[in-house]
Amino acid sequence: TNNTSAAVPIILRVPDLAPVSVSVVPAAGVPGQSVSVACVVTNQGLGSVSDYWYDGIYFSSNSVFGTNATHLGEVWLPHNVAAGGSYAWTNSVTLPQVPPGTYYLFVVVDDPTYSYYRVYESTKTNNTSAALPLTVLPPPPPVISCPGNITVTGCLSGVVVNYTAPTVSDGCPPITTNCVPPSGSVFPIGTTNVNCSVTDSCGRSNTCSFTVTVLPPPPLSITCPSNITVTTTNPSGAVINYTVTVSGGRPPITTHCAPSSGSVFPIGTTTVSCSATDSCGQSASCSFTIDVDALLITPTTDFAASGCVGGPFTTNSESFLLTNAGTASLNWSLANTSSWLNAPPGIGTLAAGGSTNVTVSLSSNAYSLTSGVYTATVSFTNLNDGVVQSRQFTLTVGLLILSQPQSLTVFPGSPAWFSVS
């Protein structure tokens with residue numbers, strides 16, 4: 001009966017943190033608005049606290065704190081709080097996107113959400129503040145802004161037009177946006193109004209509109225180069241590069257020519273056919289000829305001679321080498337437009353690979369010409385394909401002053417030097 005001692009009083013000096021004052025400024029706001037929360041916490045326990053902990057800020061539609069509360073923010077608190085002491089803090093939080101109405105803010109001291117940072121207290125039942133009413137106001141009515149008017153080129157059957165969605169601001173979420181016709185629709189030729197609307201969960205709406213104008217495609221055209229004539233020394237033909245021009249139509253545009261530029265064109269006349277087709281199905285065509293002449297005439301330069309009236313002249317003749325670069329014989333002719341030139345013979349035949357010399361010389365008439373500059377043309381014609389190659393002859397007769405000195409001033413008895421060409 002005497003094994004147990006008398007009772008010895010023991011006082012446990014542990015802290016007890018409790019929020020004693022909580023306020024919010026402003027007490028009403030719209031979703032997305034920042035409000036300032038101020039809190040004063042008192043240590044109502046018998047012991048001091050020197051530790052780290054969080055005080056949490058919560059938002060709820062219920063005046064009784066529970067699991068449906070939304071965490072808005074927290075305050076990190078490394079503090080030394082004596083028994084009977086207190087601390088205060090202020091923190092800003094953002095109101096969530098919720099319908100208008102009355103809601104409540106709570107402060108949870110030594111928030112258990114952060115279980116690693118907790119204070120040993122005599123009780124946890126007084127860590128949550130009383131409900132602090134907060135009014136969430138409806139935001140401004142929704143505003144909708146449409147893109148600018150759109151102009152595109154389409155086919156006669158219309159064209160798919162994708163446009164940027166209208167921008168929407170304000171309003172009570174969730175917000176519904178609708179445009180008619182919707183982006184990605186086929187818009188016909190002409191101007192179409194696109195009407196867009198926005199409606200929020202508060203029952204408010206707004207509208208905007210813009211136009212989509214579809215222009216018909218411009219007519220498609222293709223232009224071929226002029227007929228091309230070349231000579232060659234290769235019996236197989238000549239490589240010819242050419243360019244065609246396409247205008248109008250609606251991209252993408254496909255162009256095709258046969259034979260294509262850069263091909264080897266055989267000796268003779270080849271017709272090149274070109275066509276263009278656009279994305280609307282429009283088409284256009286053109287054609288031209290490429291004549292590769294087998295008759296090669298050298299030299300390719302023109303003839304020039306000069307001299308006094310009655311001669312002599314700097315040169316009296318020019319010899320041309322006519323060569324058949326083809327694989328079949330050809331007939332050729334020579335035409336002379338002047339009586340002061342001799343250009344025999346007037347016609348001839350060249351076997352495949354054969355050649356001949358033709359000499360064009362000044363006739364006796366050249367020696368009776370008065371002073372002046374005379375021109376004449378000698379034309380060589382391939383009678384097989386009708387291709388004409390010409391050489392120009394220029395004859396300058398008489399002394400011509402081409403340059404003279406400017407006036408000179410000299411002293412009497414002094415020489416004066418000048419030149420005349």
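In this predicted model, strand 32 (residues 372–382) and strand 33 (residues 387–397) pair in the antiparallel sense, with eleven bridges between them. Ser390 in strand 33 is the bridge partner of Ser379. Both strands belong to an open sheet of five strands with mixed pairing, in the order 26-33-32-28-30. Strand 26 (303–307) and strand 30 (347–350) are the edge strands, each pairing on one side only. From one strand to the next, the twist averages 20°.

The structure also holds 15 aromatic pairs. One of them is formed by Tyr52 and Trp76, whose ring centres are 5.5 Å apart with planes at 15°, so the pair is stacked. Because Tyr52 lies in strand 4 (residues 49–60) and Trp76 in strand 5 (residues 70–81), this pair ties together parts that are 24 residues apart in sequence. Phe65 and Phe106 form an edge-to-face pair, with 5.3 Å from centre to centre and 65° between the planes. Phe65 is in the loop between strand 4 and strand 5, while Phe106 is in strand 7, 41 residues apart.

| Residue | Relative accessible area | Class |
|---|---|---|
| Tyr52 | 45% | partly exposed |
| Trp76 | 37% | partly exposed |
| Tyr117 | 32% | partly exposed |
| Phe65 | 31% | partly exposed |
| Phe106 | 2% | buried |

Tyr117 sits in the loop between strand 7 (101–108) and strand 8 (132–136). Ring pairs link Tyr117 with Tyr52, Tyr54, Trp76 and Tyr114 into a cluster. On the surface, Tyr52, Trp76, Tyr116 and Tyr117 form a nonpolar patch, and together they have about 490 Å² of accessible area.

Key:
Residues are numbered from 1 along each chain as its sequence is written. This is a predicted model: local features need pLDDT of at least 70, side-chain atom pairs count only at pLDDT 80 or more; totals for chains, interfaces and linings use all residues. Side-chain values use heavy atoms; hydrogens and water are left out. Patches are made of residues with over 30% relative accessible area and no salt bridge: like charges are joined within 9 Å, nonpolar side chains (Val, Leu, Ile, Met, Phe, Trp, Tyr) within 5 Å. Accessible areas come from the Shrake-Rupley method with a 1.4 Å probe; for residues, only the protein chains shown count as cover. A salt bridge is a side-chain nitrogen of Lys or Arg within 4 Å of a carboxyl oxygen of Asp or Glu. Helices (H or I, at least four residues) and strands (E, at least two) are DSSP runs, numbered from the N terminus. Buried means under 20% relative accessible area, exposed over 50%, partly exposed in between (1.4 Å probe, protein chains only). Two strands pair if DSSP finds at least two bridges between them. Axes are lines fitted to C-alpha atoms, for helices over the stretch in contact, and angles run from 0 to 180 degrees between N-to-C directions. Rings of Phe, Tyr and Trp (its six-membered ring) pair if their centres lie within 6.5 Å; planes under 30 degrees apart count as stacked, over 60 as edge-to-face and the rest as tilted.
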